[in-house]
Structures are given as structure tokens and as C-alpha cells.
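Hi,

Here is the structure I promised to pass on. Have a look at it first, and then read my notes below.

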Amino acid sequence: MSHLLNVVDVEATCWEGRPPAGAVSEIIEIGLTVVDLDRVERTARHRILVRPASSRVGEFCTELAGLTQEEVDTGLPFAEACRLLVTEHHARTRPWASWGDYDRQQFARQCAATGVEYPFGAEHANAKALFATAYGLKRRQGMAGALHLAGLPLEGRHHRGEDDAWNIAALVLDLVGRGGLRTTSTTE
């Protein structure tokens, strides 16, 4: 039995000011990296594109995350993406982590708004808060700043869910090495 952890990062539709009339922030990409806490390594990385139902990907969002409307149009409906998290990625039974609380809150908001069952179990680690505590910081760092403080490279494109989940997983492993992240759930 290994102690596995899902590290999740989402990208959502976004605008440089107020959203257009009728638009809401919706998840358009879910990045997920599996971390083996016993072997202290990243073992898999995944990307799930999600087709937004009530908003469109605009120029600002494309510049930030590199995602286009045409690309997310090929994604799964949100309900199907959540089902995939449960069936393929053991989201209900495996603990998970994200950088800050935005990802957890975005899933909760979108599930409540769409009537989709929340895909995750209760055990969530806010890696951003744990990093600040482990490093004795008064202010919480963004992911890129935390990588710099930890002496780790930023791999891939910042604000791309798959790449951010991979980088956050590196920070999680740094925390494991410092004794700043523990979990008791055992899966697979």
C-alpha cells in the first residue's frame, strides 16, 4: 500500500475586469499530478480539458493560460470531468492538495451551481498555507515565488493547469522532506 496524494490545479474562464453579462467563472482545465508520499516522487501527470457551459474563453484568458475557446470546445462537460476524477483518479478516497484554497472553492461553487456532485473527499491540504508555515513566512507566496524560495525550477507554462499541478507537486515534496505535510489516508 502506498500513500498517494492528488495535487490539483484548475484554470477557469477569467477576464481583465468584470465578466461579460451572464458569464460566470467556469473550470476549463484540471491539472492533476499524483504524488507517492512514501517514495517521495511525482508518479503521474494528467490534464482534463473542460468545456464551459456559460462563458467563453476571451483574449485575456488565452494570454494568461494559453487556452483558446477552440481548444476547450474539445473538452468534457463539467459533470463528466468530475466523474472522471472519481473513477480514474480516486478523488473521493485519495487525499488532495492545491496551492491555496481557490481550487477547492471553485469546485464547490461550480458543483453547487450546476447540481454536480462534489468529486473530492474531505482530506484537502492547502499547500500554500503549509509552505508559509514551513518556511516561517509572514506572507503566503504565489507558486512561482515559492518555487524560487525552495530552489526549484518552474517547469512548463505558469497558469497552465497541468504544468502548475506538476510544479505544486514539487513544492509538496519539498514540504514532505521538511516534515511540513503529513497524511494518514492510504490508497491503492
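Predicted model: local features only at pLDDT ≥ 70, side-chain atom pairs only at ≥ 80, totals over all residues.

Strand E4 (residues 96–98) and E5 run parallel and are joined by 3 bridges. Helices (H or I, at least four residues) and strands (E, at least two) are DSSP runs, numbered from the N terminus, and two strands pair if DSSP finds at least two bridges between them.

Residues are numbered from 1 along each chain as its sequence is written, and side-chain values use heavy atoms, with hydrogens and water left out.

**The sheet**

What is the order of the strands in the open sheet? The 5 strands go E3-E2-E1-E4-E5, with mixed pairing. Strand E3 (41–49) and strand E5 (124–126) stand at the edges with a single partner strand each, so one side of each has no neighbour in the sheet. From one strand to the next, the twist averages 25 degrees. As background, strands of a sheet pair through backbone hydrogen bonds, either parallel or antiparallel.

Now for the other pairings. E1 and E4 pair in the parallel sense over 2 bridges, and Val-7 has Ala-97 as its bridge partner in E4. Val-7 also has a bridge partner in E2, namely Thr-33. E1 and E2 are antiparallel, with 9 bridges, and Glu-11 is partnered by Glu-29 in E2. Glu-29 in turn stands opposite Leu-49 in E3. E2 and E3 pair in the antiparallel sense over 8 bridges. These two strands form a hairpin with 4 residues between them, and Val-40 in the turn has a positive phi of about 50 degrees.

Are the residues of E1 buried or exposed? For E1, 9 of the 9 residues are buried, so the strand is largely enclosed by the rest of the structure. Buried means under 20% relative accessible area, exposed over 50%, and partly exposed in between (1.4 Å probe, protein chains only). In a regular strand the side chains alternate between the two faces of the sheet. In E1, Leu-4, Asn-6, Val-8, Val-10 and Ala-12 point one way, Leu-5, Val-7, Asp-9 and Glu-11 point the other way, and all are buried. E2 is largely enclosed too, because 10 of its 10 residues are buried.

**Two helices side by side**

H5 and H7 pack at an angle of about 40 degrees, and their axes are 10 Å apart. Axes here are lines fitted to C-alpha atoms, for helices over the stretch in contact, and angles run from 0 to 180 degrees between N-to-C directions. The two helices are therefore oblique to each other (under 35 degrees counts as roughly parallel, over 145 as roughly antiparallel, 65 to 115 as roughly perpendicular and the rest as oblique). Which residues meet here? Ala-127, Leu-130, Phe-131 and Ala-134 in H5 meet Leu-171, Val-172, Asp-174 and Leu-175 in H7, where contact means heavy atoms within 4.5 Å. The residues of this contact divide into 7 nonpolar, no polar and 1 charged. For that count, Ala, Val, Leu, Ile, Met, Phe, Trp, Tyr, Cys and Pro are nonpolar, Asp, Glu, Lys and Arg are charged, and the others, Gly among them, are polar.

Asn-167 is buried, with a relative accessible area of 0%. Leaving aside neighbours within four places in sequence, Asn-167 is in contact with Arg-42, Met-143, Leu-147, Pro-153, Leu-154 and Glu-155.

Then go to Glu-59, in helix H1 (residues 59–65). Glu-59 is exposed, with a relative accessible area of 62%. The C-alpha atoms of Glu-59 and Glu-16 are separated by 9.3 Å, with the two residues 43 apart along the chain.

Happy exploring!
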